[in-house]
Amino acid sequence: MFSNREALATDADRAAALDCIEAAIEAGSPEAATRSAVELDERTLAVDGTTYELDEYDEVVVVGAGKAAGGVARELESVLGDAISGGVVVTKHPVETERVRSAVGDHPLPSERSVDATADLVETVRAAGERTLVLFVLTGGASALLSAPAGSLTVEDLRETTEALLAGGVPIGGINAVRKHCSAVKGGRLAREAAPATVCGLVLSDVVGNDRSTIGSGPTVPDETTFADALGVLDRYDVAVPGAVREHLEAETGGETPDSSDSAFERVDHHLIADNMTALAGAAEAAESAGYEPLVLTSRLRGEASEVGKTLVSTGAEAAATGTPVEPPAVLLAGGECTVSIDGEGGSGGPNQELALSAALEGEPVVLAAVDTDGEDGSSDAAGALVDGATVSDGDRERAADHLGANDAGTYLAEVGATIETGPTGTNVNDVVVLVVGERSS
């Protein structure tokens, strides 16, 4: 999985960290998630315990969006075969499928390609009738990939708004409250397009806490946020957006997003088939197999990445020194989604690289690996980084700190050979952090 594994795995603890990262990504893969949740028994489709009698439908259509959508579609084809009539998924990296088309969009910012691909998906959904079963695949990355500007907004308006929200360190819930109210498909609006079809949602979560309405901005989920909430996010975080966006929100153009009382959701169900805890469980198994005691700290990491890095590495240092909260050799695991508030122009890297460099600057005798499970940390080509107490030398601390302060952690970590390179992994179940604490010296 790692193109630079040999350079990174220079001792047993560092190799164990990489093994745990690889196991986490594989456990959260769309193939593994779909196989664990979807089963066909003759003409009865079971999805996470809910059954659908295929004889009750004239057609089964697969649609969806996200970085893992293609992988799920391919696995659905292997389970359902020619029971699938067709469909389309919007994804960044298409995979080869037989019945479900891939439409390519862009991430992390929406583009004209995303708009065109979304129009293709909406047309497919609108054609669904009362005797259509729509298998709707929703995975991380869908918010940017599934893009349909509302009202008179343009894709450039959406791009500028998304850039401003990301740079402002706004949590994902706030980002998506704004996105939903600038979109013709998010915030439950796609469910209206699909009615009266039966919609079975298969969801891989990249959202801390797995709020269905936040994952991919909830295209087929009731939305309880309002235009006022979206404006509140902009004001609370002092986010400057194009004038057309603020005017759109203030005018409540197109009316509110549908809430749980809307009839569009009467035949819609959702099934969470993988999340960050799925990945952490895979990492824990790998740690135990390698002879380390695993301890999952949380799947709900959030906050400023550079601050979270200090907290996590201090927990590992405590274990190394006192055996609390777990006796070494041990692996401490955490996951979630941290944010980066960019001060100035910023540089190379993403939240995981900021977290890792912040931890490395503490100089603790702990190995820490932090990655985005999609293989792309922030806007960089690296998945994240692997560091330890020797990554930043005493004579280089000031330079490393300057890179961190300039939101340019990626440049420094690449220079010292600490970045983790996986390429696109085909999944997205948030970030994973692995801390390996070796044997305590007596």
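Predicted model: local features only at pLDDT ≥ 70, side-chain atom pairs only at ≥ 80, totals over all residues.
Start with the parts. The protein chain holds 16 helices and 15 strands. How compact is the chain? Its radius of gyration is 22 Å, close to the 22 Å that the globule rule gives for 442 residues, so the chain is as compact as a globular protein of that length. Along the principal axes, the C-alpha atoms fill a box of roughly 70 × 55 × 35 Å.

Now look inside. Buried residues account for 58% of the 442 residues. Here, buried means under 20% relative accessible area. Next, take the contacts between residues at least 6 apart in sequence. Of these, 78% join residues at least 24 apart.

The chain exposes about 16900 Å². Carbon and sulfur atoms supply 44% of that area. Then come the charges. The chain has 28 positive and 76 negative ones. How far apart are their mean positions? They are 3 Å apart.

Finally, zoom in on one helix. Helix α12 covers residues 276-289, which makes 14 residues. From its first C-alpha to its last, α12 reaches 20 Å. That is close to the 20 Å expected at 1.5 Å a residue.

Which residues of α12 are buried? They are N276, A279, L280, G282, A283, A284, A286 and A287. What covers them? The cover includes one helix, α2 (12-27). It also includes the strands β10 (293-301), β11 (330-336) and β15 (431-437).

Note on methods
Residues numbered from 1 in each chain as written. Heavy atoms only, no water. Helix = DSSP H or I, 4+ residues; strand = E, 2+ residues; numbered from the N terminus. Rg over C-alpha atoms; globule rule 2.2 N^0.38 Å. Buried < 20%, exposed > 50% of the residue type's maximum accessible area, 1.4 Å probe, protein only. Contact = heavy atoms within 4.5 Å. Areas by Shrake-Rupley, 256 points an atom, 1.4 Å probe, with all protein chains shown as cover. Lys, Arg positive; Asp, Glu negative; His and termini not counted. Charge placed at Lys NZ, Arg CZ, Asp CG, Glu CD. Expected span 1.5 Å × (residues − 1).
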